[in-house]
Every structure is written in C-alpha cells, then in structure tokens.
Amino acid sequence: MSATPGKLLKQAKQGDPKAIAALMNRSTQAKGISVKASLKNRCLQVLLEGDVVPHQSKTVEFVRDGMGKLQVEGVERVKVYGRQVGQETPVWQEEIVLANANPFDEDGDDQNPSLAGGDCFSQRQPL
C-alpha cells in the first residue's frame with residue numbers, strides 16, 4: 001500500500017483492513033512477522049504469521065493497544081490469529097472485544113451461540 005502516512009492513518013481509522021494491516025506491518029516486519037487483515041460484520045480478523053509462530057500474549061497486546069489508539073470506526077471485535085508461514089491452520093487464536101463495542105447491540109443475541117462471542121464470521125474465510 002503506497003499511501004502517505006496521514007492518508008494511511010485516516011483509512012485505518014475508517015476501518016480499511018488493508019490500511020490497518022499496513023500500519024501493523026510497519027512494526028512487525030522487522031521481527032519477521034507479516035500481517036493480513038479482513039473485515040466483516042464489524043469484526044476485524046487479523047492474521048500474523050512468521051517463520052516462528054508469533055508469541056500469543058505479546059501479539060494480542062500489540063493488536064489491542066494499536067486498535068485502542070486507532071479508535072477504528074465500525075469495528076467492535078478483533079479476532080487475532082498466529083501461525084507459522086506455510087501452514088494452513090493457525091497455532092492460536094484470541095478474540096478481543098473493543099471498548100467501543102455496544103454490549104447491548106441487538107445483533108448480539110446471547111441465546112444464539114453463533115452470534116454470542118463465537119467466530120466473527122458466519123463462514124470462515126481465509127485471509
């Protein structure tokens with residue numbers, strides 16, 4: 001992505017998953033970790049992969065802090081995945097509910113397990 005830093009930041013704050021991934025990649029590429037992201041139904045799915053599987057707690061903290069600073073419009077949850085390059089299946093995954101998420105949103109029906117804290121997507125889509 002060849003956007004200027006200001007434009008990239010604006011796009012990220014508006015919920016552009018490619019811009020968010022580009023910002024994260026600026027911090028992670030030096031550590032040999034690449035980031036891919038996609039967005040659907042207010043859930044940002046972030047995949048971090050490297051030759052060595054990214055450390056779960058440090059990676060989740062990095063994503064949580066970054067998303068907190070960005071205050072992204074339209075994103076309520078972030079599903080973070082860590083995997084080794086060349087592998088299909090993530091080694092770990094963790095979901096972050098952002099502070100700006102509305103716990104009383106009508107879409108969050110606690111009686112329906114597919115909507116209550118499960119996967120961000122109704123169908124799994126590879127990043």
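The model is predicted: local features need pLDDT of at least 70, side-chain atom pairs count only at pLDDT 80 or more, and totals for chains, interfaces and linings use all residues. Residues are numbered from 1 along each chain as its sequence is written, and side-chain values use heavy atoms, with hydrogens and water left out.

View 1. Helices (H or I, at least four residues) and strands (E, at least two) are DSSP runs, numbered from the N terminus. The 12 residues of α2 should span 16 Å at 1.5 Å a residue, and the end C-alpha atoms are 16 Å apart, which agrees; the expected span is 1.5 Å times one less than the number of residues. Of these 12 residues, 9 are buried, so α2 is largely enclosed by the rest of the structure. Buried means under 20% relative accessible area, exposed over 50%, and partly exposed in between (1.4 Å probe, protein chains only). The buried residues are Pro-17, Ala-19, Ile-20, Ala-21, Ala-22, Leu-23, Met-24, Asn-25 and Thr-28. They pack against α1, β1, β2 and α3.

**View 2. Asn-25 in helix α2.** Asn-25 is found in α2 and has a relative accessible area of 13%, so this residue counts as buried. Contact means heavy atoms within 4.5 Å. With neighbours within four places in sequence left aside, Asn-25 is in contact with Ile-33, Ser-34 and Val-35.

View 3. Strand β1 (residues 33-40) and strand β2 (residues 43-50) run antiparallel and are joined by 8 bridges; two strands pair if DSSP finds at least two bridges between them. Ser-38 stands opposite Gln-45 in β2. The two strands form a hairpin with 2 residues between them. Asn-41 lies in the loop between β1 and β2 and has a positive phi of about 50° although it is not a glycine. Its relative accessible area is 55%, so Asn-41 is exposed. Arg-42 is placed in the loop between β1 and β2 as well. Phi of Arg-42 is near 65°, a positive value in a residue other than glycine, and at 39% relative accessibility Arg-42 counts as partly exposed.

**View 4. The largest nonpolar core.** A nonpolar core is a set of buried Ala, Val, Leu, Ile, Met, Phe, Trp, Tyr and Cys residues joined through side-chain atoms within 4.5 Å. The largest one has 25 residues, of which Ile-20, Leu-44, Val-46, Val-63, Met-67, Val-78 and Val-80 touch the most other members. At least two residues of this core come from each of α1 (5-13), α2 (17-28), β1, β2, α3 (56-70), β3 (77-84) and β4 (92-97). The greatest contribution is that of α2, with 6 residues. Leaving aside neighbours within four places in sequence, Val-78 is in contact with Leu-44, Val-46, Val-63, Met-67, Glu-94, Glu-95, Ile-96 and Leu-98.

View 5. A search of the whole structure finds 5 salt bridges, each defined as a side-chain nitrogen of Lys or Arg within 4 Å of a carboxyl oxygen of Asp or Glu. Glu-49 and Lys-36 form one of them (3.7 Å, N to O); Glu-49 is in strand β2 and Lys-36 in strand β1, 13 residues apart. Glu-49 is buried at 9% relative accessible area, whereas Lys-36 is partly exposed at 36%. The side chains of Arg-83 and Glu-49 also meet in a salt bridge (2.8 Å, N to O). This pair links strand β3, which holds Arg-83, to strand β2, which holds Glu-49, across 34 residues. Both Arg-83 and Glu-49 are buried. Through shared partners, Lys-36, Glu-49 and Arg-83 are joined by salt bridges into one network.

**View 6. The salt bridge of Glu-76 and Arg-42.** The closest N and O atoms of this salt bridge are 2.6 Å apart. The pair links distant parts of the chain, with Glu-76 in the loop between α3 and β3 and Arg-42 in the loop between β1 and β2, 34 residues apart. Glu-76 counts as buried at 18% relative accessibility, while Arg-42 is partly exposed at 39%.
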